[in-house]
Amino acid sequence: MRLDRLAVIGGNEWRMLWKDQAVVMLLIVTPAVMMGIMADGLAPVVRESFDAGASMSGADFAVPGFTVMFAFFMTGFMGNGFFLERGWGTWQRLRASSARSAEVLLGKTAPYAAVSTLQILLMLAFGWLVLDLHLRGSVAGLVLMIVAVVAVIMAIALFLVAHCGSSQQISALTNLVGIVGGVIGGAFLPVDSLPGWTQAVAYVTPQYWAVDGLSGVLGAGDGLADVVPNAAVLLGAAVVLIALSARRLSLTEQERVAA
Amino acid sequence: MLEVIDLVKRYGEVTAVDGVSFHVAAGEIVGLLGVNGAGKSTTLETIVGLVTPDSGTVTVDGHDVRAHPERARAHIGFAAQDTALYPRLTVRENLRFFGRLTGASRHDADARADELIGLLGLTEQAGRLAGVLSGGEARRAHVAVALMARPRLLLLDEATVGLDVRTRTHMLELVVRAARDSGAAVLFSSHYLAEVESICDRVVIIHRGRVLADGTVAETIARHAKSAVEFAFGDGTRQRHEVSDPAAELPALLARLDTGAGAPELKSVNVLPASLETAFWALTGEEPAGLVEEVA
């Protein structure tokens, strides 16, 4: 792995992303509006759904919930970015260069990870400054959760790139992952307040572990050790998805080139 | 510089490349000729490592492309058949990015980009987004990217498609300079036999995945070319007949033409001397553009 090439590829991707800053802003402004609307209304539900609910505000759930829900839309943004590059022919050109596949994938992914991290931090800052969001738990736990959430989002995006045949498929699956996964995973309403069958399914969604960990460390005062299981599930899922994607990506690339 | 040995690539039942072998020496320009689907692009993509062959080996400057792809690709400049540029970046930004990807410093990449912008007549377009370039401008920028790293092996797949005569001539001069002045080995895939004949030292003719001929232009013409007489008809069809002595055989060919009611009107008769084009036709039974009706 050569860091100079990684930096060149990442810098180029960042330049391309910057030209789509309106879309990036939309991914930040939309959840901010949603959490502003929903925070007060969610307060009674939060009091009933969480053990520490009595001391939690509506924002202590709405901010991590909507932050997670909209953070997962980055999968579609990133996936479509990869597909655009295929259409331009530059993906093939990158692969024909002396850069290794890992350098290309990591270099292209890093700017999206940075934007995703920035998106989450801005949401939390907005919640803290404008809404009634608390940080009662461990800062290290919060950092760990943000890293784990961003990692699983990047991994899902790579998985979609590897397994989808078109950007339309990626967009459709992003809606499925982002909206359906978000609602079932408790990003819109606490899982305890959802129908019984969804509570059983919630555990298979990454959003469940993300919202549970973030709302725990923010509003409920959880420590680092409390959120390690959440982060471990998310990071474990990311490792599995990346392993599946890397293999699939290298195989399908040859067929796509040949076609 | 480039050694391709017994290359085989299959896609299911279809054998796209079937035992292809050839070489290109430093400073040499080799034309890779074949009709659409002959296996040219698959061969080029295998050389650059984008396609993994089922068997056979490709070495670039002694580096096996499969075993050491990074080392092999460091020497290759590749311009694929379809233009490949970032449409949201300017021409200069595209060149700078791909230059820096090869390890050039910012200063060196800028200097090389400016040099190629001048050489390829892209000065006016340098600051424009690649997405708004005309087809010919984009093609020139596409080839410029392949030249950024001063490659020791230059692979050009239909590099002159869509260029006007002046730009095409200019592009061919650049290719020749890359080989003669810089010592690059050039593999030049094209449908335009006249330009291949004008710049290539050798030609490799490939058909249905197999090499049918490999030699200098003169050798290929001497071994495989025959003269031909070509009839063009009012309905747009053409017939081509291989002949040994056009003047002697033309009357008999004319006498055999169908002149009955409903037969298309004969518009013109062309006598084609032995050339790379007639050699290609004799070997493959097809014209590069694939428009000639074959006559037994």
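Hi everyone. Starting at the N terminus of chain A and reading along, the elements go α-α-α-α-α-α-α-α-α-α-α. That comes to 11 helices and zero strands. Please keep in mind as we go that this is a predicted model.

Now look at the contacts in chain A with a separation of 6 or more: 81% of them come from residues 24 or more positions apart.

Let me zoom in on one helix pair in chain A. Helix 1, residues 3-18, and helix 6, residues 101-129, have axes that come within 8 Å and cross at roughly 45°. The two helices of chain A, helix 1 and helix 6, are therefore oblique to each other. Which hand does this crossing of helix 1 and helix 6 of chain A have? It is right-handed.

Here is who meets whom. Helix 1 of chain A brings Arg5(A), Leu6(A), Ile9(A), Gly10(A), Glu13(A), Trp14(A) and Leu17(A). On the helix 6 side of chain A, they meet Glu103(A), Val104(A), Leu106(A), Gly107(A), Lys108(A), Ala110(A), Pro111(A) and Val115(A). By class, the residues of this contact between helix 1 and helix 6 of chain A are nine nonpolar, two polar and four charged.

On to the partner, chain B. Here we have 10 helices and 14 strands. For its 296 residues a compact globule would have a radius of gyration near 19 Å, and the 21 Å of chain B agrees with that. Along the principal axes, the C-alpha atoms of chain B fill a box of roughly 70 × 45 × 35 Å. Buried residues make up 44% of chain B. Residues 24 or more positions apart account for 69% of the chain B contacts with a separation of 6 or more.

And finally, where the chains touch. Chain A puts 21 residues into the contact and chain B puts in 25. On the chain A side, the elements giving two or more residues are helix 1, helix 5 (90-96) and helix 11 (224-258). Which element of chain A gives the most to the side that touches chain B? Our friend helix 1 of chain A does, with six residues. That side of chain A divides into seven nonpolar, seven polar and seven charged residues.

Key:
Residues are numbered from 1 along each chain as its sequence is written. Chains are lettered from A and ligands numbered from 1 in the order in which they are written. This is a predicted model: local features need pLDDT of at least 70, side-chain atom pairs count only at pLDDT 80 or more; totals for chains, interfaces and linings use all residues. Axes are lines fitted to C-alpha atoms, for helices over the stretch in contact, and angles run from 0 to 180 degrees between N-to-C directions. Helices (H or I, at least four residues) and strands (E, at least two) are DSSP runs, numbered from the N terminus. Angles under 35 degrees count as roughly parallel, over 145 as roughly antiparallel, 65 to 115 as roughly perpendicular and the rest as oblique. A crossing is left-handed if the near helix is turned anticlockwise from the far one by less than a right angle, and right-handed if clockwise. Two residues are in contact if their C-beta atoms, placed from the backbone, lie within 7 Å. Ala, Val, Leu, Ile, Met, Phe, Trp, Tyr, Cys and Pro count as nonpolar, Asp, Glu, Lys and Arg as charged, and the others, Gly among them, as polar. The radius of gyration is taken over C-alpha atoms; the globule rule is 2.2 Å times the number of residues to the power 0.38. A residue is buried if 20 or more other C-beta atoms lie within 10 Å of its own, exposed if 12 or fewer, and partly exposed in between; C-beta atoms are placed from the backbone.
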